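Subject: Structure handover

Hello,

Here is the structure I promised to pass on. Please open it alongside this message.

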Amino acid sequence: MLDETTELRILLDKQACHETLTRYCRALDWLDEEALKTVFTADADIDYGFFQGRGDAFIPVVMDIERSFLRRWHLTANAIIQVTSDTAEGESYGLAAAVAEREGRMVTDVFGGRYLDRFARRAGRWWITKRVYVLDWQRSFESDAAAEAMPGLVWSNGFSPTHALYRKL
């Protein structure tokens with residue numbers, strides 16, 4: 001049985017790993033390359049299928065992909081993280097949606113998969129040191145006229161760190 005201090009440390013470490021997952025999503029959605037550099041170690045082992053290599057080489061590749069979309073949205077959920085001292089193993093589910101114009105039509109792509117991660121605490125911060133992405137499903141559909149159905153909604157077109165709504169968190 002663990003003492004309360006150890007249990008609290010484990011909970012704080014798990015929360016820090018969750019925040020690393022959230023920083024990943026937010027960095028992609030806002031096209032914030034500097035924020036993405038706080039997610040993966042430079043030497044992280046990354047495997048997305050279309051990319052296999054180091055964390056520092058992955059960042060510009062994934063940012064170019066994200067910049068190709070008009071809007072993007074990422075979510076991680078149902079994360080389970082097991083902490084052992086300064087390392088952790090995690091698995092979480094991911095949903096990502098992206099809107100692009102194709103042949104004059106607006107198309108939304110939705111991806112569902114899972115992230116198999118290894119985390120490490122370095123210099124007091126939790127980082128992803130290994131990631132394998134597994135795609136479970138994908139769907140594409142023509143976007144509807146939601147903007148006309150719900151006038152006044154603020155769309156996330158043009159999101160970047162220079163956007164008026166961006167806040168450094």
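My notes on salt bridges and on one glutamine follow.

First, the ground rules. This is a predicted model, in which local features need pLDDT of at least 70 and side-chain atom pairs count only at pLDDT 80 or more, while totals for chains, interfaces and linings use all residues. Residues are numbered from 1 along each chain as its sequence is written, and side-chain values use heavy atoms, with hydrogens and water left out.

**Salt bridges**

The term means a side-chain nitrogen of Lys or Arg within 4 Å of a carboxyl oxygen of Asp or Glu.

Start with aspartate 13. Its side chain meets that of arginine 9 in a salt bridge, at 2.9 Å from N to O. Both residues sit in helix α1 (residues 4-29). They are four residues apart, so about one helical turn separates them. Helices here are DSSP runs of H or I with at least four residues, strands are runs of E with at least two, and both are numbered from the N terminus.

Is aspartate 13 buried or exposed? Aspartate 13 counts as buried, at 2% relative accessibility. Arginine 9 is partly exposed, at 43%. The cut-offs: buried is under 20% relative accessible area, exposed is over 50%, and partly exposed lies in between (1.4 Å probe, protein chains only).

Aspartate 13 also forms a salt bridge with arginine 121, where the closest N and O atoms are 2.7 Å apart. This pair links distant parts of the chain, 108 residues apart: aspartate 13 is in helix α1 and arginine 121 in strand β5 (residues 105-122). Arginine 121 has a relative accessible area of 22%, so it is partly exposed.

Next, aspartate 43 and arginine 122. Their side chains meet in a salt bridge at 3.5 Å, N to O. The two are 79 residues apart, with aspartate 43 in strand β1 (residues 40-47) and arginine 122 in strand β5. Both are partly exposed: aspartate 43 at 44%, arginine 122 at 38%.

One network is worth a look. Salt bridges with shared partners join Arg9, Asp13, Asp86 and Arg121.

**Glutamine 82**

Glutamine 82 lies in strand β3 (residues 71-84). Its relative accessible area is 58%, so glutamine 82 is exposed. Which residues does glutamine 82 touch, not counting those up to four places away in sequence? They are Thr87, Ala88 and Glu89. Contact means heavy atoms within 4.5 Å. Glutamine 82 and arginine 139 are 57 residues apart in sequence and 32 Å apart in space, C-alpha to C-alpha.

Best wishes
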